[in-house]
Amino acid sequence: MSVVSLNRMFRGKIRTNTCRIVVLTSLVWLLIDVILIVKYADCPSTGGGSSWLCKRNGDGYDVEVPNAARQSQQQRRAAAPEDDDPIVDAEEIDTNSNNFGDPGGYGGGGGGRDADSSMPRTYRPQELKKWRQAPTVAENYGRPGEMGKPVKIPANQQELMKEKFKENQFNLLASDMIWLNRSLTDVRHHDCKKKHYPAKLPTTSIVIVFHNEAWSTLLRTIWSVINRSPRPLLKEIILVDDASEREHLGRQLEEYVRTLPVPTFVLRTGKRSGLIRARLLGAKHVKGQVITFLDAHCECTEGWLEPLLARIVLDRKTVVCPIIDVISDETFEYVTASDQTWGGFNWKLNFRWYRVPAREMQRRNHDRTAPLRTPTMAGGLFSIDRDYFYEIGSYDEGMDIWGGENLEMSFRIWQCGGILEISPCSHVGHVFRDKSPYTFPGGVANIVLKNAARVAEVWLDEWKEFYYQMSPGARKASAGDVSERRALRERLKCKSFRWYLENIYPESQMPLDYYFLGEIRNVKTHNCLDTMGRKSNEKIGSSYCHGLGGNQVFAYTKRHQIMSDDNCLDASNALGPVNLVRCHGMGGNQEWIYDDEEKTIKHVNSGNCLTRASEDDPSTPLLRPCNYSEGQQWLMQSKFKWQAHHGDNRIGEDR
């Protein structure tokens, strides 16, 4: 073979190998590009390019997750290899499937309507967003109110403080002294900090309604949302101005929100519409998958948002509330609320906080960080899937201004197949005021009674008559046309109020498990037990039997309580006094046995009997050793017109 031929063959092999190297190198780089795109596709970027760290905007600067925080997260994951997601129960819905079926409900049923529902219970994975925990807001040393501490007003400014207090019914001077980005302590239970939430969650739009709100409280609410929410999950903030009259809430606010690092919009109602209709206006413009409603004087704490969205991503028909902590209206101190209470209501359909019963604690395996299934919600702060919000009828547009909408939505959620929860790992502070600084067209009492009447007419079935007996003013208040809401209930195939009381809220004060309901009359004096309009922790009274109900209506329940609304007869000492104390349903000092034959009311703990009042104090019944005299005999002979029926049997006859 000639030298020329060898040379040509050698060059050909070099070209072939070179081509192979080029092709293989290109394939390797292509594979690397694909991996990077997949890994960081959902990471927000400030300049359009990717980074090996996930950056996001915050307060005008980029925030990177520090190495220490990343290592801490890795250590937490390594420490709990057997529990990749402790907030997910084994029976929860798979988020990678679109389950149109009924996953089962609380207490034996989930509403029984999902075969007709067009909305899947879960999201498609591609609809969700990757996220990282928001960085902790650092303490600004020396500033008033930092770490949630109380603000002290100097003595020479006390008069100014009192004058400014009248504007919003909270200490505006203290609020204005606090930084808009103030730091707060991490108030979560220590086990909450160890929880791992799904890597991808739905986005949320925050809707905040305000009317003549103070600048500092409104802006602090907004900044607490921005600073403590994972940025990929925060779609937007929608502010709804319900006809405010203060200058700073006009153009000044619009110009300010344009500078915020999160899209923030101001909508205006034009005329005073009230919370309900203003929230509907805000919800109509929501682009996020979840609507989160907040009040205008709140502060969100570290890790507040993820627990709410983590429950909804498992089941879109779950509505979730945070623990609502207290921000003092006088000092703006951040005070952590109990995680051992849930929402309920009394005879007059007033929302109340009650202690979580043993039944619910057992369902949660006594885990204080597990989601709490609550009968009702306070209504100011909660998250709900946007499509589900409209599927179950959003808000009742026939209601005016404010009041009762929280109970109406609570009943509707449970009776129509949803789930209502409180997440103990989510904390949001709220400024609670002793009285409202706002006026309501028509008067507060009339509006609240009208709204409550609409709740009763649509959702309470035969219990509406009991409500009217307990709250006569509500019958006089016109509920208006409720035909559309009744049609909604029919269309959604919602369960009865009896089902709600038996399965969701058997601890309710509503008459479901009563032996007796009516007046309790002493044989000797012919006087009746009477609350005398007294509040909790005050003595029970007795007076002339007037037969008009009201303060002389008592229930004797199957839990052996003698109850007036949400207060029960309670005796902590063997000889009294007998007080009205918030019912706890756990027996003890509140357990009484009525003997039909002897006509005695015996206190179980002490063994003593309820006795007529003495001549020295004729309005205060006593607790004395049982002697079975007429002074210790009481008649429970109900002439009360209302009783719940189940088939042909009266509840009061089930003994």
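Reader: Okay, how far is the sulfur of Cys300 from the closest cysteine sulfur, and in which residue is that one?

Author: First, some ground rules: this is a predicted model, where local features need pLDDT of at least 70, side-chain atom pairs count only at pLDDT 80 or more, and totals for chains, interfaces and linings use all residues. Residues are numbered from 1 along each chain as its sequence is written, and side-chain values use heavy atoms, with hydrogens and water left out. Now, a disulfide is a pair of cysteine sulfur atoms within 2.5 Å. The sulfur of Cys300 sits 6.7 Å from the one in Cys298, its closest, and that's too far for a bond.

Reader: Is Cys192 buried or exposed?

Author: Buried means under 20% relative accessible area, exposed over 50%, and partly exposed in between (1.4 Å probe, protein chains only). Cys192, at 2%, is buried.

Reader: And how are two packed helices described?

Author: By the angle between their axes and the distance between the axes. Here, the axes of α12 and α13 come within 9 Å and cross at roughly 155 degrees. That makes α12 roughly antiparallel to α13 (angles under 35 degrees count as roughly parallel, over 145 as roughly antiparallel, 65 to 115 as roughly perpendicular and the rest as oblique).

Notes:
Axes are lines fitted to C-alpha atoms, for helices over the stretch in contact, and angles run from 0 to 180 degrees between N-to-C directions. Helices (H or I, at least four residues) and strands (E, at least two) are DSSP runs, numbered from the N terminus.
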